[in-house]
Structure formats: C-alpha cells, structure tokens
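Student: Hi! Could you walk me through this protein?
Tutor: Happy to, let's look at it together.

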Amino acid sequence: MAKLNILTIPDKRLKTKAVAVEQFDSELVTLVADMLDTMYAAPGIGLAATQVDVHKRLVVLDISEDKDQPLCLINAKITKKTGHQLHEEGCLSVPNIYAKVKRAELIEVEAQNEKGEVFQLRAEGLLAICIQHELDHLEGIVFLDHLSPLKRKMALKKLEKEKQENEND
Ligand code: NI
C-alpha cells in the first residue's frame, strides 16, 4: 500500500469531471487501499479519487471514531435528498480553511463496491454531508464553490496568506 499525493487548490486538476469506473480489477482494489491509507494518514474522513489525480467516480470515507469502518462508493448516485443542514466543512485539498455549507439532511445513495456489486445506502448527519462533499469533488467542485463570492474570496485570501507565511518560514 502507498500514500498518494493530495492535490490542493488552486490546482486546475481538481476541476476535472470524473468518469465512471468500468473495470473492477485488482488495480481498482489497490487504488481503494491506497486512497484509504492516504485518507487515514492525512488525517481525513473522506477522499475522492479526483483529489489524488485519478479521474474516476470513486470515493472513500470513514466517519467512525476508531477509524475502523471504511466505506468505498464507486459510481455513486444520490437518488433522493431530503431536508437541509448547515455544517462547518473542511477539505484536504483546501488546507486550514473551514466554512459552513448547506447540504441535504438525509440522502439515499446507490453505488457499487470494489467487486462491482450494487448496493443502496441511506445516510444522514455527518455521513450525508461527507458523501455529498466527496461526490462534489468528482464533478470538479470543492466546498468553497458553495460559498457566497465574498466568503469565497476571503477564504482564498486566507489560504494565499498562509501559503506565503509557510514559504517564509
Ligand atoms: Ni474535500
């Protein structure tokens, strides 16, 4: 297993739209394992393939306290969305920036596992947020894109400032 490099904004590759996974082979199983490794090491609770420069419809998540409940969603589609929730989000591709984003409260998802088997999932609360956030990445969307232009500008300015400070260290 290997740790993969995570792209950070404003890297243009984060805007790539992912394509469906068609081959359920050993290469895919390795990619899922590497993505989980990378996510746990970061540490993060979700990672989309887009973030590691693989433009396939694949995300991994684990919102459990003990980090022992990995979830892999391949070719996932949200089939139902209900209600709203507002929660502060962060992203491994947008380091040190947090902002409140409005998401559906409850979602129903249809996806495939790494063997290609189709399954249904109902998610609410943090898991629902995390799935919506990760599936956005596959469309080339980061959570900052959901903010008002002013808030997004402020967040980007903060990010730029931190980058400069790091370079001066
Ligand atoms: Ni993210």
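Student: In what order do the elements of the protein chain run from the N terminus on?
Tutor: The order is α-β-β-β-β-β-β-β-α-α. That comes to 3 helices and 7 strands. Here helices (H or I, at least four residues) and strands (E, at least two) are DSSP runs, numbered from the N terminus. Before we go on, this is a predicted model, where local features need pLDDT of at least 70, side-chain atom pairs count only at pLDDT 80 or more, and totals for chains, interfaces and linings use all residues. Residues are numbered from 1 along each chain as its sequence is written, and side-chain values use heavy atoms, with hydrogens and water left out.

Student: Thanks! Which protein donors does the nickel ion have?
Tutor: They are Cys-91 through SG, His-133 through NE2 and His-137 through NE2, at 2.1 to 2.2 Å from the ion. Donors are N, O and S atoms within 2.8 Å of the metal (3.2 Å for Na, K and Ca), and sites may look incomplete because water is not among the atoms.

Student: How are those donor residues spaced in sequence?
Tutor: The spacing reads C-x41-H-x3-H. Cys-91 sits in strand 4 (residues 85-91) and His-137 in helix 2 (residues 125-138), so this pair, 46 residues apart, links distant parts of the chain.

Student: And are Cys-91 and His-137 buried or exposed?
Tutor: Both Cys-91 and His-137 are buried. Buried means under 20% relative accessible area, exposed over 50%, and partly exposed in between (1.4 Å probe, protein chains only). Over the whole chain of 169 residues, 42% count as buried.

Student: Back to strand 4. How many bridges join it to strand 5?
Tutor: There are 6 bridges between strand 4 and strand 5 (residues 94-103), and the two run antiparallel. Two strands pair if DSSP finds at least two bridges between them. Glu-88, for example, has Lys-100 in strand 5 as its bridge partner. The two strands form a hairpin with 2 residues between them.

Student: What about strand 6 and strand 7, how many bridges there?
Tutor: Strand 6 is joined to strand 7 (residues 118-124) by 7 bridges, again with antiparallel strands. Ala-111 stands opposite Phe-119. This hairpin has 5 residues between its strands, and Gly-116 in it takes a positive phi near 95 degrees.

Student: Which residues other than glycine have a positive phi?
Tutor: Asp-53 is one of them, with phi near 65 degrees. Asp-53 lies in the loop between strand 1 and strand 2, and it is partly exposed at 33% relative accessible area. Asn-96 also has a positive phi, about 65 degrees. You'll find Asn-96 in strand 5, partly exposed at 45%.

Student: New topic: which residues touch the most other members of the largest nonpolar core?
Tutor: Leu-73, Ile-107 and Ile-131 do, in a core of 18 residues. Strand 2 (58-61), strand 3 (71-82), strand 6 (106-112) and helix 2 each supply at least two of its residues. Helix 2 gives the most, with 6 residues. A nonpolar core is a set of buried Ala, Val, Leu, Ile, Met, Phe, Trp, Tyr and Cys residues joined through side-chain atoms within 4.5 Å.

Student: What does Ile-131 touch?
Tutor: Not counting residues up to four places away in sequence, Ile-131 touches Leu-61, Leu-73, Ile-107, Val-109, Leu-121 and Ala-123. Contact means heavy atoms within 4.5 Å. Apart from that core lies another one, of 15 residues, among them Leu-28, Val-32, Ala-49 and Val-52.

Student: Where are the cis peptide bonds?
Tutor: One runs from Ile-9 to Pro-10, with omega near 10 degrees, and Pro-10 is in the segment before helix 1. Another runs from Ala-42 to Pro-43, with omega near -10 degrees. Pro-43 is in the loop between helix 1 and strand 1 (46-48).

Student: Last one: what radius of gyration does the protein chain have?
Tutor: It has 16 Å, which agrees with the value near 15 Å that a compact globule of 169 residues would have. The radius is taken over C-alpha atoms, and the globule rule is 2.2 Å times the number of residues to the power 0.38. Along the principal axes, the C-alpha atoms fill a box of roughly 50 × 40 × 30 Å.
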